[in-house]
Amino acid sequence: MKILILNPILYTADNNTIPKVKSIKDTMIYNMCLGFKALRYDVTLAAAADYRPVEQEDYDFEVKWFKTDCHKFCPPSVLPYSKELKGFLKKEGNSYDMIVTSEVFSLWSLMATIICPAKIVIWHELALHPRKFHQIPSKLWYHVVAKLLMNKVLVVPRSEDAKGFVKQYMRHVSDVCVEHGIDLSQFTCGVEKKKQFIVVSQLIARKNIDGIIKIFKGFLDKYDKAYQLLIVGRGELENDLKELARQLHIESHVQFLGFKSHEEMNQYLPASQALLINTRQDNNMVSIPESIVCGTPVITNSVPTNSSMITKHHLGIVKDGWNEDTLQKLIQFTPPYWQNCMQYRENLSSKHQASLLVEQYLKFSAHENISTESDTVHKHRRKSSEGGDD
């Protein structure tokens, strides 16, 4: 089976500025492609050239980079457009057995749907309308563009929240959700836990890292002064957060580790008591399944759209307004949470999640072929009964 993955935006831009990176091998979609490869499929990743790494690297599968256009109206950090991709799909699109494209609200998804409708699976993450321009562009897209031009293709949601949202607009939405797949070979488990919590995040306002630092201060004062808080990530608020730790007199307990590759992060995540999340706005957070496959439970509010997975399978604590008492509660029940994470680990592998996507597409294609044949037979019988052509 020959599969094309359309995922123009490989990683999140900071204030619409695409950061320069040395590698794309730690991105979610790269590891998802490894899942298709593990299933022995011929996979190709198509991405916007704006996200090409600054250093040359070899990949485990084919990666195609497409030049983006019309940056004034279609910024590559938000809604990339590519004439080059359009030409490629017209010429090569039908040579693929399946085309997986990210998001309903996407010009790449729209082009693919118009050019190769029978091949498309839209893998959808958003669970609400983006706030930009008072949600008007998003609402117009879903109510007009999606309903008129994209409603015949299969949409596979990435979470229950995304499913509930996209079902309002799209006709064919899978009941099965497909999570962000994780390359299990990159993450170890069964490591002895240390007295530490970990945050893996951009250091920006909506992630609310300052709130986590303040809660951790309360935990140190009330429960155990031996703990450390590890903060993995980079962002514009790094210096402000360091200053906050100094003002709270806990700078010796808060370690800012900067950006870490999966290989480097594997030194810290499996040994942590919990991954901490208190975000103000997010969709599916890839750090959640990464933590779970390490045997590290998650404490989060209900904002991440994949937080329902944590509740459903008892992989940590989901609580709005969690505090230092929540941290202590998790520590007291670490063994059961760890066991649940270990039992669920294989379900989050990129191989398993990729297989679910393929399975949903094949079921949908078979059903659509049967429906089309039934419609043809019905029309033929109606013509015959009316004395039409045989």
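**Ground rules.** Residues are numbered from 1 along each chain as its sequence is written, and side-chain values use heavy atoms, with hydrogens and water left out. Since I'm in a predicted model, local features need pLDDT of at least 70 and side-chain atom pairs count only at pLDDT 80 or more, while totals for chains, interfaces and linings use all residues.

**Entry 1: the second largest pocket.** I looked up its volume and got about 320 Å³. A pocket here is an open set of points on a 1 Å grid over the protein atoms alone, with protein on both sides within 12 Å along at least five of seven lines. Points are joined across faces, edges and corners, and a volume is the space filled by probe spheres set on them. The second largest pocket has 18 lining residues (lining means an atom within 4 Å of a point). Glu160, Cys177, Met309, His313 and Tyr344 lie nearest its centre. Helix H10 (307–313) and helix H13 (350–385) are the elements that give two or more residues to this lining, and H10 has the largest share, with four. Helices are DSSP runs of H or I, at least four residues, and strands are runs of E, at least two, numbered from the N terminus.

Entry 2: How many cavities of 30 Å³ or more does the whole structure hold? The search finds one. A cavity is a set of grid points where a 1.4 Å probe fits but cannot get out. The largest cavity has a volume of about 50 Å³. Its lining includes Val199, Val200, Lys207, Ile209 and Met285. Strand E8 (196–200) and helix H6 (209–222) each supply at least two lining residues.

**Entry 3: two positive phi angles.** Most residues other than glycine have a negative phi. I noted that glutamate 103 has a phi near 80 degrees. Glutamate 103 sits in the loop between strand E4 (98–102) and helix H3 (107–115). Buried or exposed? Glutamate 103 is buried, at 13% relative accessible area (buried means under 20%, with a 1.4 Å probe and protein chains only). Histidine 314 also has a positive phi, near 55 degrees, and lies in the loop between H10 and strand E13 (316–318).

**Entry 4: a nonpolar surface patch.** Ile114, Ile136, Leu140, Val144, Leu148 and Leu149 form it, with about 600 Å² of accessible area together. Areas come from the Shrake-Rupley method with a 1.4 Å probe. Patch residues have over 30% relative accessible area and no salt bridge, and nonpolar side chains are joined within 5 Å. A salt bridge is a side-chain nitrogen of Lys or Arg within 4 Å of a carboxyl oxygen of Asp or Glu. Helix H4 (residues 136–149) gives the most to the patch, five residues.

Note on methods: Buried < 20%, exposed > 50% of the residue type's maximum accessible area, 1.4 Å probe, protein only. Patch = residues over 30% accessible without salt bridge, like charges linked within 9 Å, V, L, I, M, F, W, Y side chains within 5 Å.
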